[in-house]
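Please keep the sequence and the 3D view at hand while reading.

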Amino acid sequence: MVTDLHQSAVASPTLEKTKERREWLRSLLIGLVILAAIATIPAYGDPSLLHTWTLIVMYIVLAQSWNFIGGYTGYAAFGNVAFFGIGSYSVGLLVLVGLPFWVGLIVGGIVAGIFALLIGLPVLRLRGHYFAIATLGTAEALREFIAVKDIGGGGGGLMSLPLPSLDAYPFLFYAFVGLSVVCLLITVVLVHSKFGYALIAIRENEQAAEALGIYTYWYKVGAFVLSAVPTALAGGLYAYWATGFDPGTVFDRGISIEMVLLTFLGGTGTILGPIIGGILFETASFQFQTSGLNLHNTLLGLSIVLVTIVLPQGLIRLFQEFTRRSTPGLTLANRFMEGLRRVRRYITANGI
Amino acid sequence: MFDVISQPTAFSHVSPLERENTPYPSFLKLMDVTKRFGGLPAVDTLSFSVRRGEILGIIGPNGAGKSTVVNLISGAQPLSSGSIYYQGRDISCLLANRRAYLGIARVFQITKPFMELDVRENVLVGALFGRHQMIYSAAFRMAEELLEEIGLAHKTHFKGDQLTIADRKRLELARALATGPQLLLLDEVMAGLTPAEVTEAVELIRKINRMGITIIVIEHVMQAIKSLSDRILVLHHGRKIAEGQPETVLSDPKVIETYLGKRYAQQQDQLKQVNTDMLNEGAQYQM
Amino acid sequence: MAFGQVLVNWLLLGSLYAAVALGFSLVWGIMNIVNLAHGAFIVVGAYIAFWMYRQLHIDPYIGIPITMAALFIIGWIVQYVAINRVIRAPFLVTFLLTFGLDLLITDLVQQIFSSDLRSINTTYAGNGFDIGSIHIAFDGLTAAAIAVLLTAALSYFLSRTRTGNAILATGMDRDAARLMGINIGRTYALTFGIGAALAGAAGAMFAELYPFNPSAGGPFTLRAFVIVVLGGLGTPWGVIAGGLAFGFAETVIPLFPGIGSGYDDAIAFAVLVAVLVFRPNGLLGKAFYS
C-alpha cells in the first residue's frame, strides 16, 4: 500500500501495471461467479423462479451482445431485436418442418449474421441519428414484412411450436447461462485484442482512428455481425422455450430499447455492465409484474429517463470512481465519504 | 538511443538518408490541387513538392487553407481537383487509413486522445494499425519505447483527461509516430504551449527529422517555424504566394503585407531605407 | 385507380404528412434533437381531440388551437424537466431519453384510454365534392389546407418576428446567441413547445381522418424522420417538399404489382436508407435552419 504522498503522485509504473492487469481478470472472475450463482437456480426446484430467471439471463445475453456494437464501438443500434426475431423464426420454421431444434438454432445464427452483414454494409456508412433510426427502421420493416407475409402461418405471422418435454426447461436455462458465459469470454478477449482496440478507437474518435490506419468500416461491420449472432441464438432458444410467438413479440422494438437500457444502466463498454444492469433492472421489472399491474413499459420508460439524466455513464463507472485511490492514508470512513463526494461530482459533471 | 547502428529501434524502418539535392523524384508532390467548399475554394490550384527528409513549414494568415492542405494530404477530405503524388504514386483517391498504411501520419490541431484508454494504450493503437500492423507483443514493446523517447514513460497509466496540454500533444505525437510514418504532418501543434515548451517541441521535432522522417509543419509561432524549416511555403486565400528559404520568405514584402497589412510593409520598407542611409552616412563618417 | 384520383390523394396525404413532420423538423433543426417522442405527442393530440369531441362536442378542426395550446404546455414541461438536462450530452443519450419519454407517454395514454381503436366520426366525414370522376373529401382538403397554413405561419414566425429570429439565432450558434442576450433555456423551451403544439395539430387532424390507438405514434415518428431527411433541414417549406415526396412514395409504390398494401413501414424505411445513402442532404439540401 503506497503511503508516501510523493510516490503516489508519480504513479509508480509497476504498481499500476499489476493493478491494470488484475482489473480485467477481476471483472472476468466476478462475472463468472455471478453467472455461476445464477446457474444454481434450477436446484431450488421452483418452476416460476426458473421461468423468471430464464428470461433474466436471456436479457443479459441481449445486453452483452448489444455492448459489442453499442458499447465498445459507439454505434447505437436500435434495431437489434431484428436478429432476435430472425433467430426465433428460424427455429420455429425448421422445427415445424421436423428438423431438430439445434439445427434451427445454428441456421438462425448464420442467417442473422448474414443479415447483419447485408444491412450493415449500407447502414454503417451512416453516423449518429441516422444510423440509429436506420437500424430501428430495419427492425420495424422486418416485423411488418413477416406479419404481412404471414410467415409461420398462424395468421399475421403467428407461430405455434410443440411443447418441449418438462426437463427441457432446465436445459434451456443452462443454455442461456452458457450463452452468457460465452459472451462474457468474448468480451474479455475482445477488450485486449487488436479488434477490440480498433472498436474503442472508432468509438472515441473515428477520424483519428482512420488517420492511424484503421479500416473503420470493416471493423464496424464486424462488430455489428458479432452483436447479431448471440442475439439470434437467444431468439432461437426463446422460440423453443415460449413455443408460441408472433412478430409483435419477437420483433418488439421495446426489446431493442430494453437491451440498450440494460447496458447503459450497468455501463456501456464495460465487461460487467450488461450483466449488472440486466440483473438489476429485470429483477425490478419482474417484481412489478408479479404485483399484477402491467407497468412494464412505464417502468422501462421511467428508468430510461432517469438513467439518461442522472447516470448515463453507468453504475460500473460510478463504482470505479468511488473506489479510485486518491490521497492515501485516510481511514475507512473518510475514504467512504471521499468516495461519495467523488461520485456526486462525477454525476453532476456528466449527467445534469 | 538514436544511433542508427544500434539494434532495431522504433525507427529502424526509416533510413536517415542525406537530403537529396535533386528535386526529382520528389517525396511528396501536389499538382494543381484544389478543394472547394460550396463555391469557395479553400485551396486553389496549389502546387508544391517536398523533398525526402526535409522539414517544410507552411504559414499563412488564418483561413489561408493550411489545415485544409493537411486534410487533403492525409486523406481526411477528398480533393475537388488536382492530384497528389506520394513517393511517385498517385494517392489522390486513397482513403485516410490506406494513406496511413503507406506511411503518412498526422497530428491534429485540437488534441483528442482516446479518453477511455490510458497513455500506453493510445500509443499501442498506433503501433497495431500503422504501417507494420504489428502483433500485440511487438506493438506493446514499441509503445513503451516510444513513450520513453518522447518523455511520457512515467505517465503510461494516465488517462487522457489527466494529462496537461503539452503532454496530450506529446501523446498525439507518440501515437502518430507509432504508426511508423515516413511523412509526418504537424498541424499547429505548438498552439497553447509556453515558450519553454515550444523550445522542447522544436527539439523533439528535429530529433524525429534526424531519423529520416519528412515533416510538414503548419505553425503560427514564427520563432519555431523559422528555426525548424528547411523551406517555407506561404499560403494566402488558398494560394501559394511565396516559397523558399526561411530568411528570404519571411522578409518578402508580399508575405509581410499579408500578415501585417500594406501600411506595415511600407513602414518596414521605409525603415530599411533609413537604415541603409544611416549605414552609408556612418561609413562616410568613418572614412 | 384513375390517375387524377391518385394525384389528389397524393397531394392531400403529402400535405398531411408535412404537418406531421413540421414540429419534428423544427426541434431537430434548432436544437439538434431527434425527438423520438414526437409520435407520442401526435397521439396525445389525437386523444385530446377525441376526448373534446366525445365529451365537449367540439369539432376536432375547430378545436385545433386548444389542442395546440395543451400540447405546447406539455412540450414546455417535458423540455424543462427532462430534455434540458441532457442538451449537452452526446446525442445517444438524448436519443435514448426521447425514446424513454415516448414509451412513458404512450403507456400513460394507454392506461387512460386503453388500446382500443378509436376514431372520430364527424357528420361530414367522407363528404366531399367531385370534379369529374375525382372525389375530394372536405376533411382531407381542410387538413391539407391547415397543414400548408401552419407551414406558412411557422415560416413567417421564424423569419419575421423577433422571437422567431431569436430561435433561429439560437439554432445557428447557441453561444453567439447567448452573448446577444438571448435566453437560451427559454428559447429551447419555446421551440420544443411549438414543436409539440404542431404535433398536436397534426394529431387532431389525423384523428378525424383515420382510426388510431396509442401505438400509432411509432410509425409517425419514423415517417417524420424520413420526411425531414427527404426535405432537408433547411426551411419549413422543405417539410412540405419532403411530405409530398414521401406521400408520393406511399401512394405510388403500393400500386406496383406484387407489393400491395401493408408495407408502409418497409416503404418508409427503404426510402430513408435510399436517401441517406445517395443524397444525404435531402432534396432541398441544407444543413440547418435558415
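## Conventions

Helices (H or I, at least four residues) and strands (E, at least two) are DSSP runs, numbered from the N terminus. The model is a predicted one, in which local features need pLDDT of at least 70 and side-chain atom pairs count only at pLDDT 80 or more, while totals for chains, interfaces and linings use all residues. Residues are numbered from 1 along each chain as its sequence is written, and chains are lettered from A and ligands numbered from 1 in the order in which they are written.

## One residue in chain C

C:A18 lies in helix α1 of chain C, which covers residues 3-31. A residue is called buried if 20 or more other C-beta atoms lie within 10 Å of its own, exposed if 12 or fewer, and partly exposed in between, with the C-beta atoms placed from the backbone. C:A18 counts as buried because it has 30 C-beta neighbours inside 10 Å.

Two residues are in contact if their C-beta atoms, placed from the backbone, lie within 7 Å. Leaving aside residues up to four places away in sequence, C:A18 touches C:A147, C:T151, C:V239, C:I240 and C:G243. The C-alpha atom of C:A18 is also separated by 9.9 Å from that of C:G231, although the two residues are 213 residues apart along the chain.

## Chain C as a whole

Chain C has 11 helices and two strands, and from the N terminus on its elements run α-α-α-α-β-β-α-α-α-α-α-α-α. Its radius of gyration is 18 Å, close to the 19 Å that the globule rule gives for 290 residues, so chain C is as compact as a globular protein of that length; the radius is taken over C-alpha atoms, and the rule is 2.2 Å times the number of residues to the power 0.38.

The C-alpha trace of chain C spans about 60 × 45 × 35 Å along its principal axes, and buried residues make up 54% of the 290 residues. Among the contacts in chain C between residues at least 6 apart in sequence, 79% join residues at least 24 apart.

In the pairing with chain C, 32 residues of chain A are in contact with 29 residues of chain C. On the side of chain A that touches chain C, α6(A) gives the most, with 13 residues. That side divides into 21 nonpolar, eight polar and three charged residues, where Ala, Val, Leu, Ile, Met, Phe, Trp, Tyr, Cys and Pro count as nonpolar, Asp, Glu, Lys and Arg as charged, and the others, Gly among them, as polar.

In the pairing with chain B, 22 residues of chain A are in contact with 25 residues of chain B. Here α8(A) gives the most to the side of chain A that touches chain B, with six residues, and by class this side has 12 nonpolar, five polar and five charged residues.

## Two helices of chain A

Helix α8(A) is mostly covered, since nine of its 11 residues are buried, among them A:G196, A:Y197 and A:A198. What covers the buried residues of α8(A) includes α3, α7, α9 and α10 of chain A, together with α3 of chain B.

Helix α10(A) is likewise mostly covered, with 22 of its 27 residues buried. It is followed by A:T243, whose phi is positive, near 60°.
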